[in-house]
Amino acid sequence: AGKFSVSGEVSCDECTDGYISAAGSELCSICSAGKYVGGPNTCANCPAGSSTSGAPGASGVGDCESCEDGFISQTGDADCSPVPFVSCSEKCNENCDKSCVCNRNCGKYDLSCKTKEAACKLKCGTEKLSCQGRQLRCKADCKLEEIKYKAKILAHKAHAEIKAHQAAQRIQVAEAAARISARLN
């Protein structure tokens, strides 16, 4: 953190954690989200793959949190972004309408032929139902993955809102402390 001096004062006060001050300044400035105090008068970018979860006022690189699994960020991004969801439903389009040739031109009383024809139709119908069952299972699994993805994004947003609220409270406390300090001097 930097140092600042109230107008007319000889001594300098330390800026609150997460704030910087240019030489000769009367005020401290907060480092914006995605940045941290990198020196007395500089805010540095959080490295790629990390962020401050949308909260300003990071006091050091240790406040840059690694993106959770399924999220990414570029250098200095305020928050991590979800990796785009890729639906898997396209792979659930197995062709279940495969043709089965079961017509054997059986004679009226040829029971052996008619039995083989019925068995062929039964097998063909069973394979079609099995295929349709696989399609339904595949689509259900894909929908479940999509729901998990959306839930993860909602949880991430909730976490970011909590961090932003905590940062806002720290800022209010720091501003109140600065006002009290100015009154005492």
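In the predicted model, C113 is buried, at 13% relative accessibility. C106 is likewise counted as buried, at 19%. A disulfide joins these two cysteines, with an S to S distance of 1.8 Å. The link of C106 and C113 is left-handed, with -75 degrees about the S-S bond.

The count of disulfides in the model comes to 9. One of them pairs C46 with C64, whose sulfur atoms are 2.0 Å apart. The S-S torsion of C46 and C64 is about -75 degrees, so this disulfide is left-handed. The pair links distant parts of the chain, 18 residues apart. C46 sits in the loop between β6 (42–45) and β7, and C64 in the loop between β7 and β8. Both C46 and C64 are buried.

C102 and C120 form another disulfide, with their sulfur atoms 2.0 Å apart. The torsion about the S-S bond of C102 and C120 is about -70 degrees, so the link is left-handed. C102 lies in the loop between β10 and α1, whereas C120 lies in helix α1; the pair therefore ties together parts that are 18 residues apart in sequence. C102 is buried, with a relative accessible area of 4%. C120 is buried as well, at 19%, because the cut-off for buried is under 20%.

Confidence was examined along the chain. The average pLDDT is 85, and 94% of the residues score at least 70. Among the elements of the chain, strand β7 (residues 50–51) has the highest mean pLDDT, at 95. Strand β1 (residues 3–4) has the lowest, at 54.

Charged pairs were considered next. The model holds 7 salt bridges. In one of them, E65 pairs with K163, the closest N and O atoms being 2.9 Å apart. E65 lies in strand β8 (residues 65–66) and K163 in helix α1, so the bridge ties together parts that are 98 residues apart in sequence. E65 is partly exposed, at 29% relative accessibility.

The side chains of R137 and D141 meet at 3.2 Å, N to O. R137 and D141 are 4 residues apart in helix α1, which means a separation of about one helical turn. R137 is exposed, at 56% relative accessibility, whereas D141 is partly exposed, at 36%. E146 and K150 also form a salt bridge, at 3.2 Å from N to O. Both residues lie in helix α1, 4 residues apart, or about one turn of the helix. E146 is partly exposed, at 21% relative accessibility, and K150 is partly exposed, at 47%. Salt bridges that share partners join K143, E146 and K150 into one network.

The ring centres of F85 and Y149 are 5.0 Å apart and the planes stand at 40 degrees, so the pair is tilted. F85 lies in the loop between β10 (81–82) and α1 (111–184), and Y149 lies in helix α1. The pair therefore ties together parts that are 64 residues apart in sequence. F85 is partly exposed, with a relative accessible area of 29%. Y149 is partly exposed too, at 22%.

The side chain of S21 reaches the backbone oxygen of L27 at 3.1 Å. S21 counts as buried, at 6% relative accessibility.

Technical notes: Residues are numbered from 1 along each chain as its sequence is written. This is a predicted model: local features need pLDDT of at least 70, side-chain atom pairs count only at pLDDT 80 or more; totals for chains, interfaces and linings use all residues. Side-chain values use heavy atoms; hydrogens and water are left out. Buried means under 20% relative accessible area, exposed over 50%, partly exposed in between (1.4 Å probe, protein chains only). A polar contact is a pair of N or O atoms within 3.5 Å; within protein, one must be able to donate a hydrogen and the other to accept it, and residues adjacent in sequence count only if both atoms are side-chain atoms. Rings of Phe, Tyr and Trp (its six-membered ring) pair if their centres lie within 6.5 Å; planes under 30 degrees apart count as stacked, over 60 as edge-to-face and the rest as tilted. Helices (H or I, at least four residues) and strands (E, at least two) are DSSP runs, numbered from the N terminus. A salt bridge is a side-chain nitrogen of Lys or Arg within 4 Å of a carboxyl oxygen of Asp or Glu. pLDDT is the predictor's confidence in each residue, from 0 to 100. A disulfide is a pair of cysteine sulfur atoms within 2.5 Å.
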